[in-house]
Amino acid sequence: MEDPKPTDSEKQKIAEGAAHFRRLGWKRLTVVLVVEAIALGVLTLPTSFAILGMVAGTICCVGVGVVAIYASYLVGETKIALPNIHHYGDVGTLMLGKFGRELFGIMFVLQLILVTASYCLTGTIAFDVLTNNATCSMVFGIVSAVLLMLLAIMPSFTDAAILGYIDFVSIMAAIIIAIIATGVEAANSPGGLAGVNWSAWPRPGTTVADGFIAVSNIVFAYSFSMYQFSFMDEMHTPQDYMKAIWTLGGMEIVIYTLVGALIYAFVGVDVQSPALLSMSSLMAKIAFGVALPVIYISGALNNTVTARYVHLRMYENSVVRFINTPKGWITWLLVLLAITVAAWVISEVIPFFNDLLALSSALFVSGFVLYIPAVMWFMFLRKREDNDRKRLLHDLSAAFLFCVGIIVLGGGTYASVVDIKRQFDIGAVRGVFTCAPMA
């Protein structure tokens, strides 16, 4: 049975909605990508350096950054070649039919909810630090979830980009405070900077599982390409996407490598995750206070991406999808509420930052950032390349990308599950749904 033809009123709403969601230029695309990229991930990198050592940490940080830029290029070229792809669910449809659509869609939503859970957890840790654990941490978790929902209500990424400028200033200020504070504390400690216990090589006793967790967290920090289909769908000139990718990728490689290396060199092997916990009580309070905007703005934008995908799937052939009718707004708020509640529950069940990021990275980011873009090359883009030399170069690069992704998927997932179990067994973390402090 064919869908009923839209009325004149619905046609007007469709036209208004389409215009509203086609206003994103490459500069604002850079901003929203920065909001999603340079946030949570950077706070776990010093711990990865502590596990891998300065040499391997630097190599992995730069290498994964280059790989992420290439993967993002493949994602963007796929969107240009096949403009009807709106999200990863559409990619799954083209690859594996209806089963692929549902599989990729479920993976996409689960990953985004895990990321929102990470922001909810970080917000709880921040409030614990700022108040000296003055209130039940579960209350702080609920407050964080409410803030993540309220800031995600506006559904347009173009509108969200306005908050992105505040977000960027917030995270850069927190990073600068962390570097300076840890550097001053190291200089004033017994033995000075020379007395800090850091090494060029992996720390003694490092296991393969530890190494996979460290690499998975680095991969998580470069996970921006998983948002790309959603963001490019709002661009008025999608062909400009690489300007944003080069800008963001270059910034990430420089910032991530410097932050990971410097804080590790100033704190040593005992650096905590998130890294702001490695400072003195006063400086940690200052840094977390400055970082509150990035926690909630970045987390809210992630929430928006999730809700946009779910809402579009629910109403993809209806004017309701444009969220400019009463029904559209009501369903949008209900979807957003359901997603936020799910993220809060996960943040309470897995109440430790490092392993939560590593698990989500290994299970899902490995696909969206590594092996799925590689498959895109072979399925959608290879036949479009006429130059034999370029085709061979892309064949080799995409094959390497695929292999790295599968290794991170298998090894990272195993390592994360083992470490989560170990931490519960030894009582290194609090229980679930309790008032015990997280920091």
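These legends describe close-up views of helices in a predicted model.

**View 1. Helix α4 against helix α14.** Helix α4 covers residues 54-81 and helix α14 covers residues 388-425. Their axes come within 11 Å and cross at roughly 115 degrees. Angles of 65 to 115 degrees count as roughly perpendicular, so α4 is roughly perpendicular to α14. The crossing of α4 with α14 is left-handed. On the α4 side, the contact is made by Val 67, Tyr 70, Ala 71, Tyr 73 and Leu 74. These residues meet His 394, Ser 397, Ala 398, Phe 400 and Leu 401 of α14. By class, the residues of this contact of α4 with α14 are eight nonpolar, two polar and no charged.

**View 2. Helix α4 against helix α10.** Helix α10 covers residues 241-267, and α4 packs with α10 at an angle of about 165 degrees. The two axes are 10 Å apart. Angles over 145 degrees count as roughly antiparallel, so α4 is roughly antiparallel to α10. Here the crossing of α4 and α10 is right-handed. Residues of α4 in this contact include Met 54, Cys 61, Gly 65, Ile 69, Tyr 73, Glu 77 and Ile 80. Among the α10 residues that they meet as a group are Tyr 241, Trp 246, Gly 249, Gly 250, Tyr 256 and Ala 265. The contact of α4 with α10 has 16 nonpolar, seven polar and one charged residues.

**View 3. The length and end of helix α10.** Helix α10 has 27 residues, and at 1.5 Å a residue these should span 39 Å. The end C-alpha atoms of α10 are 38 Å apart, which agrees with that span. Just after α10 comes Gly 268, with a positive phi of about 95 degrees.

**View 4. The length and bend of helix α11.** Helix α11 covers residues 281-314, which is 34 residues. At 1.5 Å a residue, α11 should span 50 Å, and the 47 Å between its end C-alpha atoms agrees. At Ala 291, α11 bends by about 40 degrees.

**View 5. Helix α11 against helix α12.** Helix α12 covers residues 326-349 and packs with α11 at an angle of about 125 degrees. The axes of α11 and α12 are 9 Å apart. This angle makes α11 oblique to α12. The crossing of α11 and α12 is right-handed. From α11, the contact includes Asn 303, Thr 304, Ala 307, Arg 308, His 311 and Met 314. From α12, the contact includes Gly 328, Trp 332, Val 335, Leu 336 and Ile 339. By class, the contact of α11 with α12 has seven nonpolar, seven polar and one charged residues.

Conventions: Residues are numbered from 1 along each chain as its sequence is written. This is a predicted model: local features need pLDDT of at least 70, side-chain atom pairs count only at pLDDT 80 or more; totals for chains, interfaces and linings use all residues. Side-chain values use heavy atoms; hydrogens and water are left out. Axes are lines fitted to C-alpha atoms, for helices over the stretch in contact, and angles run from 0 to 180 degrees between N-to-C directions. Helices (H or I, at least four residues) and strands (E, at least two) are DSSP runs, numbered from the N terminus. Angles under 35 degrees count as roughly parallel, over 145 as roughly antiparallel, 65 to 115 as roughly perpendicular and the rest as oblique. A crossing is left-handed if the near helix is turned anticlockwise from the far one by less than a right angle, and right-handed if clockwise. Contact means heavy atoms within 4.5 Å. Ala, Val, Leu, Ile, Met, Phe, Trp, Tyr, Cys and Pro count as nonpolar, Asp, Glu, Lys and Arg as charged, and the others, Gly among them, as polar. The expected span of a helix is 1.5 Å times one less than its number of residues. The bend at a residue is the angle between axes fitted to the seven residues ending there and the seven starting there.
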